[in-house]
Structure formats: structure tokens, C-alpha cells
Amino acid sequence: MSDRLNQAALLNAAFLFGLPVMIGLVLGGNQLRAGALLPWGLSVVYWLALVLVTWLVLVGATRAVARLLVPWDTPPWVAWIGGAIIGSLLARPLIYLIVDAFRPFMADGELRSMRPAELSLDFLQYYLANWLAIILMWVAACALRQWLQDNLRWDRERFDKASGLAQDTTAAIVAEAEQHLSSFLHKLPNRIGRDIIAMQSEDHYVRVHTTQGNALVLMTISDAAKHLESGGIAGQRVHRSWWVAQGAVVKARQDGRRFLLQLQSGLEVPVSQTYREVVRLTGLVPDAEGSQLAAK
């Protein structure tokens with residue numbers, strides 16, 4: 001648990017602060033644009049402030065867009081681009097404030113001011129000239145972070161298996177599965193019980209829903225599903241962000257083009273087009289209503 005926490009904390013810190021600080025130091029140290037009108041030290045502070053503020057606004061906007069897009073099961077890059085565009089517009093007033101704060105320290109020179117946002121082809125050209133490189137850099141940073149999150153899992157159990165140190169016997173496999181399930185269940189607070197009906201992916205966490213409530217666990221939804229299913233709790237992914245336990249569905253309904261599953265607790269879970277046929281064939285939905293999946 002501590003290794004996983006340390007790994008997630010390091011990745012978050014590097015993405016939220018390490019990368020923008022490094023960019024700010026490079027831009028400020030080279031006294032680019034308005035930095036050329038400032039002393040070297042103030043140029044570094046100026047660019048650090050600009051990059052950090054803009055970066056954190058992009059983070060917030062991207063996370064908000066990702067949450068809004070959950071029902072449509074879109075690929076991650078859609079949220080990255082949408083968050084970059086919205087965040088770039090939201091960051092403009094803050095950039096104005098930072099520039100105005102440093103303006104008294106700037107040497108005499110022509111400082112180009114930012115144009116106000118407007119719906120015109122001229123502004124679009126101005127916007128792309130100033131933000132396209134930043135948007136591309138943001139998408140690349142998000143893609144790198146996603147790759148690291150999915151591929152760099154330095155836990156001891158996987159290392160042992162890759163090194164051939166784990167015993168490949170039925171008893172060892174069963175014991176390991178029970179241990180995984182037990183360790184996962186111990187992460188849940190007692191107040192929500194252990195009767196798991198669904199799980200929802202939320203950034204680096206998975207929200208575990210039971211018949212008595214819900215709680216966040218630091219784990220990906222794929223790993224959480226493996227822990228449960230290897231321990232005998234059957235279920236099925238119904239969406240890129242959702243897993244539902246076998247027998248937890250009370251009924252299904254259609255809302256426009258969306259198909260929703262109602263669980264024992266009243267929670268409604270979306271079924272994406274990708275998983276509809278699998279959900280129907282695995283019997284997750286009651287037979288009478290599962291036929292609707294095949295008809296759509």
C-alpha cells in the first residue's frame with residue numbers, strides 16, 4: 001500500500017508541479033518575450049508564475065471536461081484537448097493580472113498586450129499562434145502521464161512473478177487470490193460494509209459502491225476488478241469507467257440514446273455501446289430487459 005501511495009504521490013507531484021516548474025525555469029532563464037524586459041531573476045519568477053497558474057487551470061479544466069464526458073465513454077485525448085481549449089480561455093484573466101503585477105519592473109520597451117476574446121477569424125488566428133504549441137505540449141504531457149500510470153507498477157508481487165519466484169501451484173494461486181480480495185476489502189471503511197455492487201473510476205482512484213454507501217480506494221478500476229473476480233466476486237465492465245457486480249442489477253431503462261442499469265441501492269450506471277453485447281451475453285441484466293440491448 002505504501003509503495004503504491006508513494007508511486008501515485010510522485011507521479012502527481014511531477015505532473016502538477018515538477019513539469020511546469022521545469023518549463024518555467026527554462027523560459028524564464030532564457031528571458032523569452034516579456035522576460036527580456038525584466039532582470040534575469042525577475043524573469044524566472046515571472047515565467048514560473050505564468051506557467052504554474054496556467055498549468056493548474058488546465059488541470060482543473062481537463063478534469064471537469066473528463067467528468068462531463070463520462071456518459072459518452074470518449075477516449076482520454078478528447079478531454080485533454082477540450083480541457084486545454086477551455087482552460088486556455090479561463091487562464092487569460094489570471095495571465096493579465098500576473099503581467100500587470102510585473103509591469104512596473106519592466107524596462108522601457110513595447111509590451112504587446114493580449115487581445116480580448118471574440119468570435120472572429122482574426123482572433124482565431126491570433127489564438128492559434130499563441131496557444132497551439134501550449135495545447136500540443138499539454139496533450140503530450142497528459143499522454144505521458146497516462147502511459148506512466150498504466151505501465152509503471154512497481155509492486156513486489158508483480159516483480160516476483162516476472163522473476164519466477166512465485167510458486168505456480170493451485171494452492172498458491174488460490175491463497176494469493178484470497179489475499180488480494182482480503183487486502184482490497186480491508187481498504188473499505190466498516191460503515192459501507194462488504195456487499196459490493198459496483199465500482200466507478202475517478203482519476204487515480206476507484207469509488208467502490210456497496211448496498212450501504214461508497215468510498216474511494218487508491219487503485220485503478222482494472223486492478224480492483226481483478227482483485228474481486230479472482231476472489232470469487234463475479235462482475236462485468238459495462239463502461240470504460242464502470243464495473244457492476246453480477247446480480248446487482250434490478251432493472252434497466254433507456255434514456256434517449258443512453259442505456260442505464262439501476263442497481264439495488266438505486267444507483268444508475270451507464271452502459272456504453274462498446275459493452276452492450278457483452279453485458280447481454282453475460283446475463284448481467286434481467287432477461288426481459290436484456291433483450292433491449294440487442295435491439296439497439
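In the predicted model, the side chains of glutamate 202 and arginine 67 form a salt bridge, with an N to O distance of 4.0 Å. The pair connects distant parts of the chain: glutamate 202 belongs to strand β1 (residues 196-202), arginine 67 to helix α2, and 135 residues separate them. Glutamate 202 counts as buried because its relative accessibility is 14%. Arginine 67, at 57%, counts as exposed. Glutamate 202 also bridges to arginine 207, where the closest N and O atoms lie 2.8 Å apart.

The structure holds seven salt bridges. Among them is the pair of aspartate 100 and arginine 103, whose closest N and O atoms are 3.2 Å apart. Aspartate 100 is partly exposed, at 42% relative accessibility. Arginine 103 is partly exposed as well, at 39%.

Helix α2 (residues 40-68) also packs against α4. The angle is about 65 degrees, and the axes are 12 Å apart. The crossing is right-handed. On the α2 side, the contact involves Thr54, Trp55, Leu58, Val59, Thr62 and Arg63. Their partners in α4 are Trp131, Met137, Trp138, Ala141 and Arg145.

Helix α4 spans residues 121-151 and includes leucine 124. Leu121, Leu124, Leu128, Leu132 and Leu136 make a nonpolar surface patch of about 470 Å². Within this patch, leucine 124 is partly exposed, with 42% relative accessibility. An α-helix has 3.6 residues a turn, so residues three or four places apart point the same way.

In helix α7 (residues 221-230), the buried residues include Ile221, Asp223, Ala224, Ala225, His227 and Leu228.

Technical notes: Residues numbered from 1 in each chain as written. Predicted model: local features only at pLDDT ≥ 70, side-chain atom pairs only at ≥ 80, totals over all residues. Heavy atoms only, no water. Patch = residues over 30% accessible without salt bridge, like charges linked within 9 Å, V, L, I, M, F, W, Y side chains within 5 Å. Areas by Shrake-Rupley, 256 points an atom, 1.4 Å probe, with all protein chains shown as cover. Helix = DSSP H or I, 4+ residues; strand = E, 2+ residues; numbered from the N terminus. Buried < 20%, exposed > 50% of the residue type's maximum accessible area, 1.4 Å probe, protein only. Axes fitted to C-alpha atoms, helices over the stretch in contact; angles between N-to-C directions. Left-handed = near helix turned anticlockwise from the far one by under 90°. Contact = heavy atoms within 4.5 Å.
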